[in-house]
Number of protein chains: 2
Amino acid sequence: MAKRPNRTTINDVALAAGVSMSTVSNAINGKTTAMAEETLARIQQAMRELDYRPSSVARGLATQRTATLGLVLTEIETPLFLQAVTPIEREARQAGYSLLLVNARNEADEREAVQLLQEKQVDGLVVISTSDPRQNDHLGKVQSDGIPVALINRAGFSPEFDQVNWDNSAGVAAIVEHLAGLGHRRIAVLVGPVNRRSTQERLQGYQAGLEKCALPFDNDLVYPGDYTATPKDWKQSVLDLLALTNPPTAIIASDDIVAAVIVRTLQESGRRVPSDVAVAGIDDQPFSQYLGLTTVQLPVAEAGRQAIQLLLQRIANPTAKAQHILLPCPLVVRDTCGGKGRLHERSTNNARG
Amino acid sequence: MAKRPNRTTINDVALAAGVSMSTVSNAINGKTTAMAEETLARIQQAMRELDYRPSSVARGLATQRTATLGLVLTEIETPLFLQAVTPIEREARQAGYSLLLVNARNEADEREAVQLLQEKQVDGLVVISTSDPRQNDHLGKVQSDGIPVALINRAGFSPEFDQVNWDNSAGVAAIVEHLAGLGHRRIAVLVGPVNRRSTQERLQGYQAGLEKCALPFDNDLVYPGDYTATPKDWKQSVLDLLALTNPPTAIIASDDIVAAVIVRTLQESGRRVPSDVAVAGIDDQPFSQYLGLTTVQLPVAEAGRQAIQLLLQRIANPTAKAQHILLPCPLVVRDTCGGKGRLHERSTNNARG
DNA sequence: GCGCTTTAGTAAAGCGCTTTACAGTAAGTT
DNA sequence: AACTTACTGTAAAGCGCTTTACTAAAGCGC
C-alpha cells in the first residue's frame, strides 16, 4: 500500500502554536468561549502556515457522526427522479451534511446499498424509489440501529418511517376537471401497470374527477400499459383509442414522454393538438416546458428537500413520531390541452423528407 | 451529543469466536490463506450471530483510504450532465468505491466543494463542468496532496490532470456533412456564447464541415446566442433566419432543447420538418429519442465511465503520466433531418411510474 | 493571607480498525 | 536430535481526532 506523505495533524498545529491538542481541537470546533484571544490567533496562524486540514474520518471515528447523509435511488427509470438529487444535495449541504449517493437497480441491490451506507456510518438515509415497497425490514433494521430513514414515493405502509409522497390521485383529478372545464366529455387515460400503487391512485383520481364533473366512466377509455411498453405501443394505443366509434377528445398520458410521443403521433396522423385532441402528461419533466405540454407536476425536487428536513429533525430528535407529508401535484397548464388563450399547433406532418 | 447504543466491534467478534482481533480482521479482509477452515467458520458464525458490521470510518482512519470517490458537478445548466452521475456511480461502485456527490454553482463554490471532499479524504476526485476552467490551482493542490483528479469537459489546458473530453468539432462537422449529403446547401447554426471553448470548437467543426463539402461560409447563417437566451429568443432567431433573402434549409441548434423549440416554432409557422426545414440538435438528451430529433450525441455517460477508469488507474499507479481521452460525438440520425427512410423503429424497455 | 470561583489550558483515554513484529506448534530434513 | 520451514495465530502500536477529568493560575471578597 503506497503510503501517502504524512498529513499534518492537529498535533503538529498544537506543537507549532505551543498549546495542547485539546486546545486546538476546541479552537477548531468553536469552543472558544474560554480561550484567550491571543491563543486563538496563534492557533489560527499555525493552521494557516501548516495548511492544516482536519480529517473528518478521524473526527468521525471520535464523534461517531460523519456529517454525511446517504441517498439511495432505487430503480431510476426516468431521469425524473434524478432531478431530486441536486436539491437534496443542496439542502443537505446547507445543513452541514455531505451526500453519499448510491443507486440500486432492484430490491436486492437496495438492501446492499443500504448496508453499504450503514457501514459508511451515514447519519441518515433517504430512499427514493418508483417501486412499491414489498418489504422494508432492511430499512427498519437500519433505523433501529440508530440511523433515521426518510422515504420518498414509497407510500403508506410503513408508519415508522418519515416519508413524503405526492398526491397522484388529486393530481389526475385536477387534470380531468381541467379538461372537463374546457368542454371535453370523452377523456381517455393511459396508465401504467395496474398492480402499481401509483396506477391505482391515478385511476382513483381519474374516476373522482369524472364524478365531480358528472361525466360517465367508460372502460374503453382506460388504456392500461405495462412495463415493456415501447413508443410503438404508445402510438398504437392512441390509434386504438381514435378508432373507437366514440373516440376521446382528450388523452391523459401516463407520463410526459408518452405524452410527447402521443402529440407527435396525433400530428403525424393529421390531427391538431389541442384543437382536435387535447393531450396531458404527468411528471413535468424539464423538456415539457419547451414542448408546451400541459401536465401534472410530480414535485420530486420539493419532496427531496422535505425529506432532508424530516431527516434533520429526526436526527435532532430521534424519539419524535414519524411524520408523513403528502405533497400536492400542481396542474401545469401549457398548450397541449388548450385553455390558455393561445392556439399553437397547426396540422403538420413531420414524417420523413 | 446523544450517544448511539454501542456498536458491536471487531473485538466483540473476536471474543465470541475465541480468537484475536487481528485474526478477525484478516478474515474480513480475505487474508485467509494462512487460516484454518474451522477458525474462519467460527469467525463467520460469530459475525453472523452478532450481526457485525465493520465500521468503514475506523477502517478509513487505519488505512488512510476511504474507498470513496468524490464527484463535483459545477454549473449544471442542463440536466444533461446529471446523466453522468448514474454511470459514474455504477462504475465506481463496481470497483469498490462509493460516491460522494457535491454540486457547485460557481467557481468559488467549486473550491469549497473540493476542499470539503479533501477533508472527507476521498481517494479520488472527478470534476465535471460546463465551464471553461479559469484556474485549476485548487485542483492542483489537491492532487499534489495525493488525491488524483480527473476532469470531464474541461479541456486541454491542464496536462497534469487525467481528463476526458469530447470532440465537439468533429461532431458538428459530421452533422454538416450529413445535411449536405441530404442536399442542403444553406445550413444555419445557432451557437452559444462565442467566448466559450465549446462554441469555438463547434464553429470550427461547422466550417470544417462546410469546407469538406465545398459549401460556402455565410456569416448570416451563424447565429450566436448568449447565456440569457430564452425560448422566445430562440424562436426569434429562427424567424430571423427564415426572413433572410436566402434563408437556410437546415438549422443546427446549440442543443436539443433549443432544437425542440425550433421544431415547434417551424411547425407553428406552417413549415414542415424536415421537408421544409431540417433541424438538428446537439446533446442527445433522453427526450430527443422520443421527439425523433436528429442530433450529435455528447457522450457524457461514457465520459463519466472513462473518467472513473482513469482515476482507478491513477490510484493504482500514482506516478503514471496523465492521460487525455477525446471521445467522438456520434451522429444520431432520427427524423428531423430526414434521411432515414423508416420512421421510429426504436424501442425501449423502460418501465415508468 | 485564606478559601472560593473563574479562567485557560492540559493529559490521557478512547473511537474501531489495520498491521507489524513476533511466537508457538507440528511436520519435514539432515 | 537439532534445524528448518511452513502454518496459525497473537499482542500492541498506531491512524487523527474528541472529550472527560483534572490542574495551575489568577481574581475576589473579607
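This is a predicted model: local features need pLDDT of at least 70, side-chain atom pairs count only at pLDDT 80 or more; totals for chains, interfaces and linings use all residues.
Residues are numbered from 1 along each chain as its sequence is written, and chains are lettered from A and ligands numbered from 1 in the order in which they are written.

DNA strand D is surrounded by 29 residues, a residue being near a strand if its C-beta atom, placed from the backbone, lies within 6 Å of it. The closest are Ile10(A), Ser22(A), Ser25(A), Ala62(A) and Ala34(B). Two or more residues come from each of helix H2 (21-28) and helix H4 (56-63) of chain A and helix H2 (21-28) and helix H4 (56-63) of chain B; helices are DSSP runs (H or I, at least four residues), numbered from the N terminus. By class, this surface near DNA strand D has 15 nonpolar, twelve polar and two charged residues (nonpolar: Ala, Val, Leu, Ile, Met, Phe, Trp, Tyr, Cys and Pro; charged: Asp, Glu, Lys and Arg; polar: the others, Gly among them).

Around DNA strand C there are 29 residues, of which Ser20(A), Ile10(B), Ser22(B), Ser25(B) and Ala62(B) come nearest. H2 and H4 of chain A and H2 and H4 of chain B each supply at least two residues here. The surface near DNA strand C divides into 15 nonpolar, twelve polar and two charged residues.

Elsewhere in chain A, helix H7 (residues 107-119) packs with helix H8 (residues 137-144) at an angle of about 10°, their axes being 10 Å apart; axes are lines fitted to C-alpha atoms over the stretch in contact, and angles run from 0 to 180 degrees between N-to-C directions. H7(A) is therefore roughly parallel to H8(A) (an angle under 35 degrees).

How values were computed: Angles under 35 degrees count as roughly parallel, over 145 as roughly antiparallel, 65 to 115 as roughly perpendicular and the rest as oblique.
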